[in-house]
Amino acid sequence: MRNTPLIVAFLALTACGADAENTTETQSQSVECAKTESDFIRLKLAPNCVGCHGEGTSAPYFASAESFEGLIVQNPRFVVPGDPDNSEFVRLLEGNGTGAFTQMPTAGEPYAQLPADQQGISVQEVRQWITGLSVGSRDTTPWRDAPTTRRLGADEFRDSLMALLGLTYEDDFFQSYSSNFESQTVVLRGPLALRATDDAPGLHYVDQRSSVSRRWAALGGADWLNRKPRSYDISPSFLQTVTQVSQAWCELAVNKADNTALFRDVSPAQGSDVAAAEIKTNIAYLHLRFLAMPATPAEVDAIFDDVFVAHESAGPKTAWVAVCSYFVRHPLALSL
Amino acid sequence: MKLDITRRQLLGLGIGGAQLALMNRFGLLEGRAHAAPRAGAPTRLLTLYLSGGYAPQYMWGGITPEQVPSYIPPLQGAGVGETAFYTADDLIEVGAGGGGFNPLTVARSWDPADPGSRQTVNGRKYLPLGYSWQEHDLFGQTTVVHGIDQGTAAHASGYVSAMCGVAGGEYRSPAMQCVVANALYETTKDFRPLPCVALDSRGMPVPLDLPSSSAPIYVPALNSLRESLSDDDMQSWWRGLNARTEVEAKNWAGEIDGNARRTLLESAILDATRGLSGKSQSAGTEKHLKALYDGFSDVSKVLARDVVSVLNNTPGIEFLTENPSFGGTQPYNMGPWGYTYGLADENVTSGAFDNVFDMALRLMKADLTSSIHLYMPQFYYDTHSGQPGHRRNYLNTRGGLDVIARFLGEMKMTTVNGKSLLDDTLVVIFSEFSRTWAHGSGQDFYYNDDHWPYTSVTFAGGGVAGGRTIGGYDVENFSLGPRGLPVGVREEGGEQTTRPPRSADIVATVCSIMGLELNDFFIPGGYGEILGVRAS
């Protein structure tokens, strides 16, 4: 239920739009008209607030009707429709804020204790306005076009790929050797190895340190020690790295002995001339394993023809590297 | 409540990612994805970032000669090396100004009769650093804007502010490098496979919701390019998978969009991706899939172009001499990108810049990219040490800018597509903020050396009305450091105002020089083009 006096005042203010037609241009420009009831509140509070919260400031809540609507009215952190007692906006005006700032204005008396002639509108009227706001006044309809998917982060890509391909750091990326200074040194040497830049020490990977860090950055990996959060941007660097890593790691996995993660139904050395059915069965298995979706027979046939057979002239293992890379780079495997 | 919201009205908003999505929802940002720049504008952007907060007044002034004695410390240090700081007589005009704007000024620290001299004359030891701007005749193509409010004195926030025009912990609008790369993409995509490049993984420009083609590609040193940009047989995982054939390329909508040289595997993956089009009810998911499709198409283009071979066969330095021609005797000779000062107590060797400058030159000379961001790897300007800090900042601000001038000299002497590389490239030199200023009189000086949110940005090269100083520093009511003087601004709505410049105005000015209209992009909180920087 809207507050009647407020509506009357709001209507009086908005009437300036009609009046403006009968005024000179200069006069009409000097009058700022409330566009909505909330804007009426903004304009009344503005003289005390716009100095710090106007256009060009870092927190321009009062810069425009839209700023106020978007940053205050529609922000549950500040305004709880129908509930002024639990609205931080009111608390700030009354000097009872619960956040970093306990009152507005920040210096001197809080707004509620300013002399009446310095208040454009009373806090009681602000309370009435919030009481009159209903939840329904917000556009709460789900946004149909909101992004609901994202690509894998660097750590997710690394961890999932290692698991899907049956690779481990210990078996496939670390190598140990004796050195003059330490009895045993472990070095990260695998092809296009991935490791977070700020992973805990205890591992010597100086041979590849700069390239590992560079690769990690290209994937958008976090580097918390340098205050760099992870990125989910579908950047060219991410896709370039995914392209290279997919083929390098698939080559490693295809050539790994007894790798049942990739080969459940066929040996990687068998070609389509002797094991076409088994190869298709294995493609269906990989489809489910990588994309979490069963493949239709037509989809299996297409991958068999367009990817496996198309690359088989270089040998069945090369054909499997192609199939494996196809799945790693598939959008369903790269997205959450 | 449905808002009758307009793009113009939203200028007052200081928005975050959620609000940016809201603007997309209202279709307010759609235009910028397709904006094409004006004809005649430079076709490359090169941004050079000096990290830590430098001291631009020690090179470019930004104050009057009368103010120098109060804000530039007295000459000192001749006994241990080159003299630091300068006098009012040293602040000389080196540009023509024009158009009602003040001439460009520079603090001359070198001996005008013998620029390479490091001799001591009348108790002052000359410092050649800075002379390279004159050596390569760059002042006429250089304009400096002073007194820019970054809106923050925090490093990370200042960097974001400098890159996108809004201070904060995260980007609220795309980095200017990405905006420019995006705008130039349509007209350059057939010959520039790397639209936006970052030469250092620190501080990568953030594209936010711009198309993936405008996102920065991290291009490290030449010797490590192969693993990301090559499909040759040197890498075993490409053997048997790198044969390319000419095929019809389709865009996301399935329309034929020219030809492309693709591998069978790339074609299969692109077909599989496009096969998912229309399967989701969410436009956001559709956009995500399209980004993957476009991105993989671009990766294919880069690999097909054999960028690594192109870069390997393109020279970096062609014209610069091994050491600056005016360099004189040791120890100034530190290679094409090196410098030293004092009794070699500090120096920056050429090796500090070799990789990034060499790669930047190759990328531009091979015409592979529209936008390069170079996070300068050499000196961290965040000195925080009082008088020694100011001295180091004086010397290294000049040193860093001197090396940059040599780099610009090489660009100026290089011809690409019948035009000087420098004439076709807008160069922007900036930092996240500056330092609190030293101040005092005579020998009685205070050396505050902390972060200060007002800074200067140097524009050079193509599209710049050179030889000018725009704005300045207001030292009235001086407290720790000065504020910016008002400058003329063409606001986003087209009206002209006069006010102190902000970082958003720098971003808008860059975009404007690159040929974008002010409505082709959007920066929350308001912005305008600073008048006098762009050549008319």
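This is a predicted model: local features need pLDDT of at least 70, side-chain atom pairs count only at pLDDT 80 or more; totals for chains, interfaces and linings use all residues.

Let's begin with chain A. It has 336 residues, and 36% of them count as buried. In terms of secondary structure, chain A has 15 helices and two strands. If you take the contacts in chain A between residues at least 6 apart in sequence, 49% of those join residues at least 24 apart.

Now, how do the chains meet? Chain A puts 56 residues into the contact, and chain B puts in 54. On the chain B side, the elements that each supply at least two residues are helix H1 (17–25), strand E9 (217–218), helix H8 (226–229), helix H9 (264–274) and helix H10 (283–305). H10(B) gives the most, with twelve residues. And what is that side of chain B made of? You get 29 nonpolar residues, 19 polar and six charged.

Next, the inside. Nonpolar side chains tend to be buried together in soluble globular proteins. Here the largest nonpolar core has 200 residues, and Val323(A) and Ala360(B) have the most contacts inside it. Helix H11 (residues 236–254) of chain A brings the largest share of that core, ten residues. What does Val323(A) touch, leaving aside its neighbours within four places in sequence? The list is Ile283(A), Leu286(A), Ile303(A), Val307(A) and Phe308(A). There's also a second, separate core of 24 residues, which includes Leu45(A), Leu71(A), Phe89(A) and Tyr111(A).

Back to Ala360(B) for a moment. That residue is one of the buried residues of H12(B), and the others include Phe353(B), Phe357(B) and also Arg362(B). H12(B) covers residues 351–365, so to speak, end to end: 15 residues, reaching 21 Å from first C-alpha to last, close to the 21 Å expected at 1.5 Å a residue. After H12(B) comes Asp367(B), with a positive phi near 55°.

Last stop, strand E7 of chain B, residues 142–149. Is it buried or exposed? Eight of its eight residues are buried, so the strand is largely enclosed by the rest of the structure. E7(B) has a partner in E22(B), residues 454–461, and the two pair antiparallel over six bridges. Within that pairing, Val144(B) stands opposite Thr458(B). E7(B) is also joined to E23(B), residues 468–470, this time parallel and through three bridges. There, Thr143(B) has Arg468(B) as its bridge partner.

That's my tour, happy to take questions.

Conventions. Residues are numbered from 1 along each chain as its sequence is written. Chains are lettered from A and ligands numbered from 1 in the order in which they are written. Two residues are in contact if their C-beta atoms, placed from the backbone, lie within 7 Å. Helices (H or I, at least four residues) and strands (E, at least two) are DSSP runs, numbered from the N terminus. Ala, Val, Leu, Ile, Met, Phe, Trp, Tyr, Cys and Pro count as nonpolar, Asp, Glu, Lys and Arg as charged, and the others, Gly among them, as polar. A residue is buried if 20 or more other C-beta atoms lie within 10 Å of its own, exposed if 12 or fewer, and partly exposed in between; C-beta atoms are placed from the backbone. Two strands pair if DSSP finds at least two bridges between them. A nonpolar core is a set of buried Ala, Val, Leu, Ile, Met, Phe, Trp, Tyr and Cys residues joined through C-beta atoms within 7 Å.
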